[in-house]
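Please have the structure open while I talk.

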Amino acid sequence: MSLDYPFTEIPAAGEVREVAPGIFWLRMPLPFQLDHINLWLMRDGAGWTIVDTGFPDDAVREAWRAILDRLDGPVTRLIVTHFHPDHLGLATWLLAETGAELWMTAGEFLTAHVVWNEVGGHGARFMVEQFRQHGLDGEHLARFEKRGSGYRKAVPGLPEHYRRIKSGDAIRIGCHTWKTIIGYGHAPEHLALYCAELGVLISGDMLLPRISTNISVFAATPDADALRWYLASLDRMAEEVLPQTLVLPSHGLPFTGVQARVGALHAHHEERLHALENSCEHAPQSAAGLLDVLFGRVLDTHQTMFAMGEAIAHLNYLEQAGRLSRSIDADGVIRYSRLQHQPAAH
């Protein structure tokens, strides 16, 4: 089973395209290598619900104004899938523009505030120490110290109130009911929305058609088995969602073929896990020393931050699966070695 892409004509910034009854696709620019985000506008009775916000950039605000000016009713609700800047960054602005109410999971709302305020193990100083422990060199660490976490710049302000969404909630949007599916590994309590009646899944960043979602371990939870959580979340999604479901992802084109994509992601990560395992065969390796194995290209500072988190996630998976052992060398650097399984005694 392969993926099918029923909509290949991408809406321009400030334009919308209907992809299912009452569901409209918006695409906004991002100032990164991943240069766009998909947002969703849903008819909600006499008004509208927005899913995710886009990045806080003047061009994005202008595109939103063009769309909001054309709506035939008020925006009453803003649903945010998770706390990352491209999804939450314009929340305070959109809420002020529309008077809508913010809906999020508690894990995402509270994490946004912790990261923004750089407390509770989140923030540049914690990240720098985590990356030092995992072998990143002094030049890279100095860049991170100078750069900071970047979250405040990318999220100028945060709402102080929200309506909490929980796993399994049934949310009525217009004349349809959407079930919430909470996923783990990419963000603390990432929200996806599934309407069986319409045959539509708004997957956020949990399920993307062509790229692999970043799975990172953060300083606050250094032993997190984030990759295992992510893959288990995908399996639950694949079990719950019907094969013909139209997936509306945050990046890439809308597609069908949930189960095929989940299978491909399992295979991709297992291949990466085997490569890391083999690289730890002859000498202990640090996460920083294995970035080339995982990514095989030159990484800028922004990309290195995600790459380090992802490398640690894969190494935690292998250690907790009993495929690698972990040690700390004389310089305080965490290193991993392949376990040599001995034949059973007779």
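This is a predicted model: local features need pLDDT of at least 70, side-chain atom pairs count only at pLDDT 80 or more; totals for chains, interfaces and linings use all residues.

Which residue just after α3 takes a positive phi? That residue is Gly-99, with a phi of about 75 degrees. Residues are numbered from 1 along each chain as its sequence is written, and side-chain values use heavy atoms, with hydrogens and water left out.

Helix α3 covers residues 91-98, and its buried residues are Ala-91, Trp-93, Leu-94, Leu-95 and Thr-98; buried means under 20% relative accessible area, exposed over 50% and partly exposed in between, with a 1.4 Å probe and protein chains only. Those buried residues pack against β4, α1, β5, α2 and β6, where contact means heavy atoms within 4.5 Å.

Several of these elements belong to an open sheet of seven strands, in the order β1-β2-β3-β4-β5-β6-β7 and with mixed pairing; two strands pair if DSSP finds at least two bridges between them. The edge strands, each pairing on one side only, are β1 and β7. Within the sheet, β3 and β4 pair in the antiparallel sense over five bridges, and Met-42 stands opposite Thr-49 in β4. Helix α1 packs on this sheet, touching β2, β3, β4 and β5, and its direction makes about 155 degrees with that of β2; axes are lines fitted to C-alpha atoms, for helices over the stretch in contact, and angles run from 0 to 180 degrees between N-to-C directions.

Let me turn to the other sheet. Six strands form an open sheet in the order β8-β9-β10-β11-β12-β13, again with mixed pairing, and its edge strands are β8 and β13. The strands β9 and β10 pair in the antiparallel sense over five bridges, whereas β11 and β12 pair in the parallel sense over four. In β12, Leu-246 and Leu-248 point one way and Val-247 and Pro-249 the other way, and all are buried; Leu-248 is also the bridge partner of Ile-202.

In the loop between β9 and β10 we find Gly-185, which counts as buried because its relative accessibility is 9%. Its contacts, not counting residues up to four places away in sequence, are Ile-215, Ser-216, Ala-226, Trp-229 and Tyr-230.

How do α5 and α6 pack, and at what angle? The angle is about 170 degrees, with the axes 9 Å apart, and the two helices are therefore roughly antiparallel to each other, a label used for angles over 145 degrees, with under 35 counting as roughly parallel, 65 to 115 as roughly perpendicular and the rest as oblique.

Finally, the largest nonpolar core has 72 residues, and those with the most contacts inside it are Phe-131, Trp-178 and Leu-207; such a core is a set of buried Ala, Val, Leu, Ile, Met, Phe, Trp, Tyr and Cys residues joined through side-chain atoms within 4.5 Å. Helix α11 gives the most to this core, with nine residues.
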